[in-house]
Amino acid sequence: MSTKEQKQRIELLQGTLDLLILRTLLLGSAHGHAIAKAIEFNSDDVLQVEQGSLYPALHRLIKRGWISVEEGTSENNRRAKFYRLTAKGRKQLAAETSKWDKFAGAIARILRPAKQEGEP
Amino acid sequence: MRRSKRMLEELDHDIREHIERETQGNIERGMTAEEARYAAMRKFGNVTRVKEETREVWNFIWLEQFLQDIRFGLRMLRKSPGFTAVAVLTLALGIGANTAIFSLIDAVMLRSLPVENPSQLVLLKWVARNAPNTHGYMSWGDCPTNMQRGAQNPSGCSFSEPMFQEITQANVFSGTAAFANSGRLNLTGNGPATVINGQLFPGTSSARWVSNRPLAGCLTHLMTHLQRLPSPF
């Protein structure tokens, strides 16, 4: 990727990767590479995820019991680990999502107060 | 615990697999094999660091589980106060009884002096009106010695050798013994040499009333006690 391309990408905020993984797994179980690809694709390549950082995050989520792991064979018949959202993880995702909405809303209100004032 | 170990053991394989997939995808998008592999590696980031960070996730899991177990135990105990009371009482009584019995054994068997009649043991001490003229005087341990010229009632615990012989022959005591500080000794043997403080303890006359327990070890025990004995005068 060129430097110009890199500049348009945004690095992830601390802790948001966990949330993105949980959201991705809401659609069904997936292996590590597929999760990374899905995050890239669904953010229109704006979010810059260093793919390696996915693994500490996955292990963290397993430790907390938010996702589970099972062996399986991928589409091209190779052995792979599939990560699946647990009930606990689903609950966590709901809580974190509403927290994130509040956070994003608050930041937006602070950064763009002029727009609100200008409104008729 | 076992789960974390298995997860970490398979981490290498998972990472290899991941890079392999990315490479394959890059080739399908028209890169040469070499380019594709290089791009995949770059996209993945520092493999060693990723492994380290993943390992750190599981680092203190045993401690966390241990704390969880403790919290669970405490919760369970709180839930059944009757059982808790019985358990605590049993432990308290057990520990208390053990302590009491050990104190008794300690006093009667372990701490009693290794001599035949510990209660008859005395330490001789001298008191004088004026400080004596001596050619060298050796005091020991924590025996209070006051031999300063012009001191009120100078006193001490050390006697000259002829004086000791006199006391021994006076037959007032069933046995007598003397000891003297030997100064610093060099103890060598297994390991580095160390400096120790020795005591001279003349054998024949003293060994009679020191009971037939093994002397090594007992003697130091005896010495520390002798220094605390009351003086008969």
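**View 1. Salt bridge between Glu96(A) and Lys99(A) in a predicted model.** The side chains of Glu96(A) and Lys99(A) meet in a salt bridge at 3.6 Å, N to O (a side-chain nitrogen of Lys or Arg within 4 Å of a carboxyl oxygen of Asp or Glu). Both residues lie in helix H5 (residues 87-111) of chain A, three residues apart, so about one helical turn separates them. Glu96(A) is partly exposed at 25% relative accessibility, and Lys99(A) is exposed at 53% (buried is under 20% relative accessible area, exposed over 50%, partly exposed in between; 1.4 Å probe, protein chains only). Elsewhere, salt bridges with shared partners link Lys37(A), Glu40(A), Glu22(B) and Lys43(B) into one network.

**View 2. Salt bridge between Glu64(B) and Lys63(A).** The N to O distance is 3.4 Å. Glu64(B) belongs to helix H5 (residues 61-79) of chain B and Lys63(A) to helix H4 (residues 54-64) of chain A, so the pair joins two chains (helices are DSSP runs of H or I, at least four residues; strands are runs of E, at least two; both are numbered from the N terminus). Glu64(B) is partly exposed at 38%.

**View 3. Salt bridge between Lys81(A) and Glu10(B).** The closest N and O atoms are 2.3 Å apart. Lys81(A) sits in strand E4 (residues 79-85) of chain A, and Glu10(B) in the loop between helix H1 (2-9) and H2 of chain B, so this pair joins two chains. Lys81(A) is buried, at 6% relative accessibility.

**Notes.** Residues are numbered from 1 along each chain as its sequence is written, and chains are lettered from A in the order written. In this predicted model, local features need pLDDT of at least 70 and side-chain atom pairs pLDDT 80 or more, while totals for chains, interfaces and linings use all residues; side-chain values use heavy atoms, without hydrogens and water.
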